[in-house]
Amino acid sequence: EAVKLPGAVDPASYRVGAGDGLQLTLWGGVSRTMPMEGTPEGTILLPTSGPLHVEGKLLSDVRKEVLTRLRPEFRGVNMDLQLIRPRQFIAYMTGQVKMPGSVTANGASRVADLVLAAEPLEGASLRNIELIHKDGTREVADLELFLRTASQSLNPWLRDGDMIHVP
């Protein structure tokens, strides 16, 4: 089943995690593709080089790290690492929504995607939505202002296991 995305993924803002499908492509002296998947422990297994921790790292940084590690192994060969399937994960909705509880998100989901799908109740505030990450850090989403200005900074990215509270 294909993951629904709002458009192309930006490698400079997409965070890699367990379940992401990646593909290493080699061309030139050697031509082959090698699929890789983020393990539940947040690593990928590199051919000839072993495991690499990727959980929470930006896709652009993971690409750079993989190519740096493998370049000595594959001299004279062009290579690239691409995201071919964003992972799906569970996040939790609480507060003033018609459908609280666990919801499925993906690596390209933002707060608005889940809050609007959970149907905010009459009287719910879209101004100070609290996003609580698994590591305890917090962010605030202001979807009312986001919907007026389209400023993505008001609509944070979701991470695996996040809790979203609509006051």
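**Close-up views of a predicted model**

**View 1. Arg87 and its surroundings.** Leaving aside neighbours within four places in sequence, Arg87 is in contact with Tyr14, Arg15, Val16, Gly17, Ala18, Gly19, Asp20, Ala105, Asn106, Gly107 and Asp160. Keep in mind as you look that this is a predicted model. To find Arg87, look in the loop between strand E5 (77-85) and strand E6 (88-95). Is Arg87 buried or exposed? Arg87 is buried, because its relative accessible area is 4%, and buried means under 20%.

**View 2. Arg87 meets Asp160.** Here we stay with Arg87 and pick out one of its contacts, Asp160. The side chains of these two residues make a polar contact at 3.1 Å. The pair also counts as a salt bridge, with the closest N and O atoms of Arg87 and Asp160 3.1 Å apart. Arg87 sits in the loop between E5 and E6, while Asp160 sits in the loop between helix H3 (143-149) and strand E10 (163-166), so the pair ties together parts that are 73 residues apart in sequence. Both Arg87 and Asp160 are buried.

**View 3. Arg85 and Glu37 link two strands.** Side chains of opposite charge can pair when their charged atoms come close. In this view, Arg85 forms a salt bridge with Glu37, and their closest N and O atoms are 3.0 Å apart. Where in the chain do Arg85 and Glu37 lie? Arg85 belongs to strand E5 and Glu37 to strand E2 (residues 32-37), so this pair links distant parts of the chain, 48 residues apart. Arg85 counts as partly exposed, at 34% relative accessibility. Glu37 also counts as partly exposed, at 45%.

View 4. Now turn to helix H3, where Glu144 and Arg148 both lie, four residues apart, or about one turn of the helix. Their side chains meet in a salt bridge of 3.8 Å, N to O. Glu144 is partly exposed, with a relative accessible area of 35%. Arg148 counts as exposed because its relative accessibility is 59%, and exposed means over 50%. Elsewhere, salt bridges that share partners join Asp20, Arg87 and Asp160 into one network. How many salt bridges does the structure hold? There are ten.

View 5. Strand E3 (residues 43-46) pairs with strand E4 (residues 50-53) in the antiparallel sense, over four bridges.

**View 6. Arg110 over the ring of Trp157.** Arg110 lies over the face of Trp157, at 3.8 Å from the ring centre. What about pairs of aromatic rings? A search of the whole structure finds zero aromatic pairs.

**View 7. Stepping back to the whole chain.** The protein chain has three helices and ten strands. Read along the sequence, they follow the pattern β-β-β-β-α-β-β-β-α-β-β-α-β. The C-alpha trace spans about 65 × 30 × 30 Å along its principal axes. Of the 167 residues, 41% count as buried. Among contacts between residues at least 6 apart in sequence, 52% join residues at least 24 apart.

Notes:
Residues numbered from 1 in each chain as written. Predicted model: local features only at pLDDT ≥ 70, side-chain atom pairs only at ≥ 80, totals over all residues. Heavy atoms only, no water. Phe/Tyr/Trp six-rings, centres within 6.5 Å; stacked < 30°, edge-to-face > 60°. Lys NZ or Arg CZ within 6 Å of the ring centre and 35° of its normal. Pairing = 2+ DSSP bridges. Buried < 20%, exposed > 50% of the residue type's maximum accessible area, 1.4 Å probe, protein only. Polar contact = N/O pair within 3.5 Å; in protein donor to acceptor, adjacent residues only side chain to side chain. Contact = heavy atoms within 4.5 Å. Salt bridge = Lys/Arg side-chain N within 4 Å of Asp/Glu carboxyl O.
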